[in-house]
Amino acid sequence: MKNKITGLALIAGLAMASPQTGDAFTSKLGARVNPVNSNVFEVVPKSSGNGQVFWCSAADYAQRELRASWQARLYIARGRAPSVTTGRRSSVQFTLDPKAAGITPAPPSLSLNALKVGESMTVQQAHGYCQAAPIF
């Protein structure tokens, strides 16, 4: 009986230590958003995604999950690349604190889809992309 209880305790402990992908944040446009570390989070769209999906999802997460103000700035911490949290082919990483993430803010881009490290916009501006129909 003691071995059975020990085994159940071990299984429960492993379950608590494993990432809970079912608990991942899902944005208004259906992208998953996962923390990478205490300063960076990753947006992973269902398909390859575009700038609208990445920026909207980052703003949605920053506002609803991190409780960031509408005036806070979102910065791209890593451009489009394979996801480090899910292994999917396409993701973009964001931060609210460029200094802590080790990036230098960049001048504004004319392209919503450039997704280059250091580009930024306010949470409110990025959240505006959630209102328009997504372009896939």
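## Overall fold

The chain's secondary structure comes to four helices and six strands. Both kinds of element are DSSP runs numbered from the N terminus: helices are H or I with at least four residues, strands are E with at least two. From the N terminus on, the order is α-β-β-β-α-β-β-α-β-α.

This is a predicted model, in which local features need pLDDT of at least 70, side-chain atom pairs count only at pLDDT 80 or more, and totals for chains, interfaces and linings use all residues. Residues are numbered from 1 along each chain as its sequence is written, and side-chain values use heavy atoms, with hydrogens and water left out.

## Burial and contacts

The chain has 136 residues, and 40% of them are buried. Buried means under 20% relative accessible area, exposed means over 50%, and partly exposed lies in between (1.4 Å probe, protein chains only). The chain exposes about 8,000 Å². Carbon and sulfur atoms supply 57% of that area. Accessible areas come from the Shrake-Rupley method with a 1.4 Å probe; for residues, only the protein chains shown count as cover.

A contact means heavy atoms within 4.5 Å. Take the contacts with a separation of 6 or more: residues 24 or more positions apart account for 63% of them.

## The disulfide

A disulfide is a covalent bond between the sulfur atoms of two cysteines. The rule used here is a pair of cysteine sulfur atoms within 2.5 Å. By this rule, the count is one disulfide. C56 and C130 form it, with their sulfur atoms 2.0 Å apart. The link is right-handed, with 110 degrees about the S-S bond.

C56 lies in helix 2 (residues 51-64) and C130 in the segment after helix 4 (123-127), so the pair ties together parts 74 residues apart in sequence. C56 is buried, at a relative accessible area of 0%. C130 also counts as buried, at 12%.

## The largest pocket

The largest pocket holds about 260 Å³ of space. The search uses a 1 Å grid over the protein atoms alone; a pocket is an open set of points with protein on both sides within 12 Å along at least five of seven lines, whereas a cavity is a set where a 1.4 Å probe fits but cannot get out. Grid points are joined across faces, edges and corners, and a volume is the space filled by probe spheres set on the points.

Lining residues have an atom within 4 Å of a point. The largest pocket has 16 of them, and P108, S109, S120, M121 and Q125 lie nearest its centre. Strand 4 (73-81) and strand 6 (120-122) are the elements that give two or more residues to this lining. By class, the lining has ten nonpolar, four polar and two charged residues. Ala, Val, Leu, Ile, Met, Phe, Trp, Tyr, Cys and Pro count as nonpolar, Asp, Glu, Lys and Arg as charged, and the others, Gly among them, as polar.

## Two positive phi angles

R67 is not a glycine, yet its phi is positive, near 60 degrees. R67 sits in the loop between helix 2 and strand 4. R67 is exposed, with a relative accessible area of 66%.

L115 is not a glycine either, and its phi is positive at about 55 degrees. L115 sits in the loop between helix 3 (98-101) and strand 6. L115 is buried, with a relative accessible area of 4%.

## N34 and its surroundings

N34 is part of strand 2 (residues 32-35). N34 counts as buried, at 10% relative accessibility. Beyond its neighbours within four places in sequence, N34 is in contact with A24, F41, E42, V44, T85 and T86. N34 and V44 are ten residues apart in sequence, and their C-alpha atoms are 8.0 Å apart.
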